[in-house]
Amino acid sequence: MTKEIKCILVDVDNVLISEIEEVDAELGNPNCKLINPVKFESLEKMKPLLEASNDTEYMIRSEDILTIADPTPEVIAKYLELTS
């Protein structure tokens, strides 16, 4: 199965790089699963979404996502290095 790695803008200053899966959920409930999300500030400055947690999967509502984009090959390589 191919990993679908995306840039996810959750607000003006917060970009996440993550595998993302859409899941079935009732209206208003989280319907996107983020797998191994990392905060992106620059190629050299990427860190886990929540450093205080060992969790690797997080649920989010698609309504809370401003936009989704394809990351550059360099960002994907760095992400895979950090999460593998």
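Select Lys6 and Asp70: their side chains make a polar contact at 2.3 Å. A polar contact is a pair of N or O atoms within 3.5 Å; within protein, one must be able to donate a hydrogen and the other to accept it, and residues adjacent in sequence count only if both atoms are side-chain atoms.

Before moving on, note that this is a predicted model, in which local features need pLDDT of at least 70 and side-chain atom pairs count only at pLDDT 80 or more, while totals for chains, interfaces and linings use all residues. Numbering runs from 1 along each chain as its sequence is written, and side-chain values use heavy atoms, with hydrogens and water left out.

**Stay on Lys6.** Lys6 sits in strand S1, residues 5-11. Strands (E, at least two residues) and helices (H or I, at least four) are DSSP runs, numbered from the N terminus. Lys6 counts as buried because its relative accessibility is 16%. The classes are buried under 20% relative accessible area, exposed over 50%, and partly exposed in between (1.4 Å probe, protein chains only). Now show the neighbours. Leaving out residues up to four places away in sequence, Lys6 touches Leu16, Ile17, Ser18, Ile20, Ile68, Ala69, Asp70 and Pro71. Contact here means heavy atoms within 4.5 Å.

**Next, the cysteines.** Select Cys7. Its sulfur is 15 Å from the closest cysteine sulfur, in Cys32, so the two are too far apart for a bond. Cys32 is in no disulfide. A disulfide needs a pair of cysteine sulfur atoms within 2.5 Å, and the count by this rule is zero. Cys7 is buried at 18% relative accessible area. Cys32 is buried as well, at 8%.

**Now the charged pairs.** Side chains of opposite charge can pair when their charged atoms come close. The whole structure holds six salt bridges. Each is a side-chain nitrogen of Lys or Arg within 4 Å of a carboxyl oxygen of Asp or Glu.

- Glu21 and Lys33 meet at 4.0 Å, N to O. Glu21 lies in strand S2 (residues 14-22) and Lys33 in strand S3 (residues 32-42), so the bridge ties together parts 12 residues apart in sequence. Glu21 is partly exposed, at 31%.
- Lys45 bridges to Glu41, with the closest N and O atoms 3.4 Å apart. Glu41 is partly exposed, at 49%.
- Asp64 and Arg61 meet at 2.9 Å, N to O. Both are partly exposed: Asp64 at 31%, Arg61 at 30%.

Salt bridges that share partners join Glu21, Lys33 and Glu57 into one network.

**Then the largest pocket.** Its volume is about 210 Å³. On a 1 Å grid over the protein atoms alone, a pocket is an open set of points with protein on both sides within 12 Å along at least five of seven lines (1.4 Å probe). Its lining residues have an atom within 4 Å of a point. Grid points are joined across faces, edges and corners, and the volume is the space filled by probe spheres set on them. Of the 15 lining residues, select Asn36, Pro37, Val38, Pro48 and Asp55, the closest to the centre. S3, strand S4 (45-48) and helix H1 (73-83) each give two or more residues to the lining.

**Last stop, Thr83.** Thr83 is in helix H1 and is partly exposed, at 24%. Which residues does Thr83 touch, not counting residues up to four places away in sequence? Asn36 and Val38. The C-alpha atoms of Thr83 and Asn36 are separated by 6.6 Å, with the two residues 47 apart along the chain. Finally, show the backbone of Tyr79: its oxygen lies 2.9 Å from a polar atom of the Thr83 side chain.
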